[in-house]
Amino acid sequence: IDIEENVVLPALRRRLSAADWSSVGRTMAERRGLDWSDAPATGGTPCNDCQFSKCCDSMSAVFDGGPGTDLADCWLSCTSAECENDCYDQFPAGVPAFGEYQACLALNCSAKGACKAPNACAQCQYDSCACEYATCYVNADCFQSFQCFTTCAPQDASCAAACLTKHPAGDQLYERLSACLSHGCLLACGG
């Protein structure tokens with residue numbers, strides 16, 4: 001899909017120029033760890049095409065000027081996981097839309113091979129635990145628990161406990177995702 005000719009996203013086109021929109025899509029994918037190294041500025045790669053053909057609705061929800069946009073703007077300015085977690089805490093109303101977009105990108109594009117996952121562990125998550133991953137990512141508390149856990153050192157029980165305490169409503173969904181990852185991705189994730 002050529003971003004310049006994409007008429008599926010009229011609200012986004014009003015908000016962003018084609019070059020800016022492509023840059024946002026590229027940045028979001030790169031921040032997820034997806035490989036856009038060969039991507040031209042305006043479309044033409046399987047990863048870019050997948051993002052625009054499979055994730056338009058969820059991407060629109062993130063960049064429609066609502067709470068997802070506030071979260072995305074904050075998140076895009078971050079250079080650390082701690083900063084990202086602060087954004088989730090500052091803009092919790094944007095987490096469901098943002099999480100849905102992230103899940104769509106991972107499950108529809110990375111898991112299908114259009115975008116390269118950042119590592120074998122992430123690819124296993126997308127391949128083996130797709131339902132659990134998507135269910136967690138569209139629930140604000142589960143999403144925030146998952147993101148919080150990514151900042152914990154391996155075997156850091158106090159950090160893990162703090163994450164669960166901070167986002168208790170996501171515990172059950174996170175436990176399902178964690179059980180799937182422990183069962184299906186232990187070797188791929190170095191465990």
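A crossing of two helices is left-handed if the near helix is turned anticlockwise from the far one by less than a right angle, and right-handed if clockwise. With that in hand, welcome to a predicted model in which α6 and α10 make a left-handed crossing. The protein has 12 helices and zero strands, where helices (H or I, at least four residues) and strands (E, at least two) are DSSP runs numbered from the N terminus.

Two notes on reading what follows. Residues are numbered from 1 along each chain as its sequence is written, and side-chain values use heavy atoms, with hydrogens and water left out. Because the model is predicted, local features need pLDDT of at least 70 and side-chain atom pairs count only at pLDDT 80 or more, while totals for chains, interfaces and linings use all residues.

**Confidence**

- The mean pLDDT (the predictor's confidence in each residue, from 0 to 100) is 76 for the protein, and 76% of its residues reach 70 or more.
- Residues 1–23 stay under 50 in pLDDT, and the model gives them 43 contacts beyond four places in sequence; contact means heavy atoms within 4.5 Å.
- Residues 32–42 also have pLDDT below 50, with 38 contacts in the model beyond near neighbours in sequence.

**Overall layout**

- Along the sequence, the pattern reads α-α-α-α-α-α-α-α-α-α-α-α.
- Of the 191 residues in the protein, 45% are buried, where buried means under 20% relative accessible area, exposed over 50%, and partly exposed in between (1.4 Å probe, protein chains only).

**Helix α9 and its cover**

- Helix α9 spans residues 130–137, and its buried residues are Y133, C136 and Y137.
- Seen down the axis of α9, these buried residues fall within an arc of 95°, so they line one face of the helix; the arc is that of the directions from the helix axis to the C-beta atoms.
- The cover over the buried residues of α9 includes α7 (95–110), α8 (120–128), α10 (140–149) and α12 (171–184).

**Helix pairs**

- Two packed helices are described by the angle between their axes and the distance between the axes.
- Here axes are lines fitted to C-alpha atoms, for helices over the stretch in contact, and angles run from 0 to 180 degrees between N-to-C directions.
- Helix α6 (residues 81–90) packs with α10 at an angle of about 160°, their axes 10 Å apart.
- The helices α6 and α10 are therefore roughly antiparallel to each other; angles under 35 degrees count as roughly parallel, over 145 as roughly antiparallel, 65 to 115 as roughly perpendicular and the rest as oblique.
- The left-handed crossing of α6 and α10 has its contact made by N85, Y88 and D89 of α6 and F143, Q144, Q147 and C148 of α10.
- Helix α3 (residues 46–54) and α7 have axes that come within 10 Å and cross at roughly 125°, and are therefore oblique to each other.
- The crossing of α3 and α7 is right-handed, with C50, Q51 and K54 of α3 in contact with a set on α7 made up of Y101, C104, L105, N108 and C109.
- The axes of α7 and α10 come within 9 Å and cross at roughly 65°, and this crossing is left-handed.
- In that pair, V95, P96, F98 and G99 of α7 make the contact with A140, F143 and Q144 of α10.

**Residues to click on**

- S145 sits in helix α10 and counts as buried at 0% relative accessibility; leaving aside neighbours within four places in sequence, S145 is in contact with C163, H167 and Y174.
- C121 belongs to helix α8 and counts as buried at 18% relative accessibility.
- P46, in helix α3, is exposed with a relative accessible area of 56%, and its C-alpha atom is separated by 8.5 Å from that of C109, 63 residues apart along the chain.
- A93 is found in the loop between α6 and α7 and is exposed, with a relative accessible area of 57%.
- A93 and G68 are 25 residues apart in sequence and 7.2 Å apart in space, C-alpha to C-alpha.
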